[in-house]
Amino acid sequence: MNILNSYKHLPVFLLLGSLCFGQYQFEVKNISKKYNAIIHVENCNDGQCGGKGTVELYDNNNSKVQSFVSDNLVLNPEQGQKLIPGKLIPLANDQRSVIIDDFNFDGTEDVAIRNGNMGNYSSASYDVYVFNTTRLAFVKSEELTDLGSSGFHFFETDAKRKRLISYGKSGCCRIFTTEYAVIPNKGLDRVLEKEEDMTNEDQIKVITKEKINNKWITKTKVYPADQYNKNKK
């Protein structure tokens, strides 16, 4: 007998709880305007969860959309939450284990799933899936996954300029910003690099390289540290 048919009248979240007893399960409601998520993760210790995990994405009608698997689905429960294997635990939607946004600016939401700490200085890394309107499914983007796994935490989106912004750092005093234009049907085009060098505590040296008409233009400026930091606030 098919166990799913036997319990087909039960709410989907209760059914998942009965089938996945032994794993830790978290529910994230309204993770975006269209989606909710159920997160299954292997281990939870000392206020942090990780290990093999699965993200089940549901629409607002509780219909399952797609499943995503992560080798290391790092997740930080809310402080003081009692974690019981098999029990569905509510989780705030500001968690960064699952990020939903339009990463390629095509008008449809895409999904990023936390997959360990492989970013710059062991920061968060992500597998990125974009929605394919032909397949009607989320498909992994190697290019965006590489970008989401190499910077200092996850990249930012600038929908107005249709750019992705990645950050990195080296040591205490050098910060890097890289901007990519998203070219439809082609991919990412690196168009700006900025280095902020703060090795001299009294001044900040800013080197900007910008791609204009397929040519790289480099500008270097030096600012008093107090003035530069004040302007950035």
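Author: Rings of Phe, Tyr and Trp (its six-membered ring) form an aromatic pair if their centres lie within 6.5 Å; planes under 30 degrees apart count as stacked, over 60 as edge-to-face and the rest as tilted. By that rule the structure holds 9 aromatic pairs. The model is predicted: local features need pLDDT of at least 70 and side-chain atom pairs 80 or more, while totals for chains, interfaces and linings use all residues. Residues are numbered from 1 along each chain as its sequence is written, and side-chain values use heavy atoms, without hydrogens and water.

Reader: Why is the pair of Tyr223 and Tyr228 called tilted?

Author: The ring centres of Tyr223 and Tyr228 are 5.1 Å apart, which is within the limit for a pair.

Reader: Which residues do ring pairs link into a cluster?

Author: The cluster consists of Tyr35, Phe68, Tyr129, Phe131 and Phe138.

Reader: Why is Tyr58 called buried?

Author: The relative accessible area of Tyr58 is 1%, so Tyr58 falls under the limit for buried residues. Tyr58 sits in strand β3, residues 48-59; helices (H or I, at least four residues) and strands (E, at least two) are DSSP runs, numbered from the N terminus. Between Tyr58 and Ala37 there are 5.9 Å in space, C-alpha to C-alpha, although the two are 21 residues apart in sequence.

Reader: What makes the link of Cys44 and Cys49 a disulfide?

Author: A disulfide is a pair of cysteine sulfur atoms within 2.5 Å. The sulfur atoms of Cys44 and Cys49 are 2.0 Å apart, so the link qualifies. An angle of 105° about the S-S bond makes this link right-handed, and both Cys44 and Cys49 are buried.

Reader: How many disulfides does the rule give?

Author: The count is 2. The other one joins Cys172 to Cys173, with a distance from S to S of 2.2 Å. This link is left-handed, with -70° about the S-S bond. Counted along the chain, the bonded cysteines follow the pattern 1-2, 3-4.

Reader: What joins β13 to strand β14?

Author: Strand β14 (residues 203-212) runs antiparallel to β13, and 6 bridges join them. Glu193 faces Lys209 in β14, and the hairpin between these strands passes through 5 residues.

Reader: What makes a space a pocket, and which residues lie nearest the centre of the largest pocket?

Author: On a 1 Å grid over the protein atoms alone, a pocket is an open set of points where a 1.4 Å probe fits, with protein on both sides within 12 Å along at least five of seven lines; lining residues have an atom within 4 Å of a point. The largest pocket holds about 430 Å³, the space filled by probe spheres set on points joined across faces, edges and corners. Its lining has 19 residues, with Asn104, Val182, Ile183, Pro184 and Asn185 nearest the centre. Among the elements giving two or more residues to this lining are β12 and β13, while α3 gives the most, with 3 residues.

Reader: How much space lies in the second largest pocket?

Author: About 180 Å³. It is lined by 13 residues, with Leu147, Ser150, Ser166, Thr178 and Tyr180 closest to the centre. Elements giving two or more residues are α3, β11 (163-170) and β12, and β11 gives the most, with 4.

Note on methods:
Buried means under 20% relative accessible area, exposed over 50%, partly exposed in between (1.4 Å probe, protein chains only). Two strands pair if DSSP finds at least two bridges between them.
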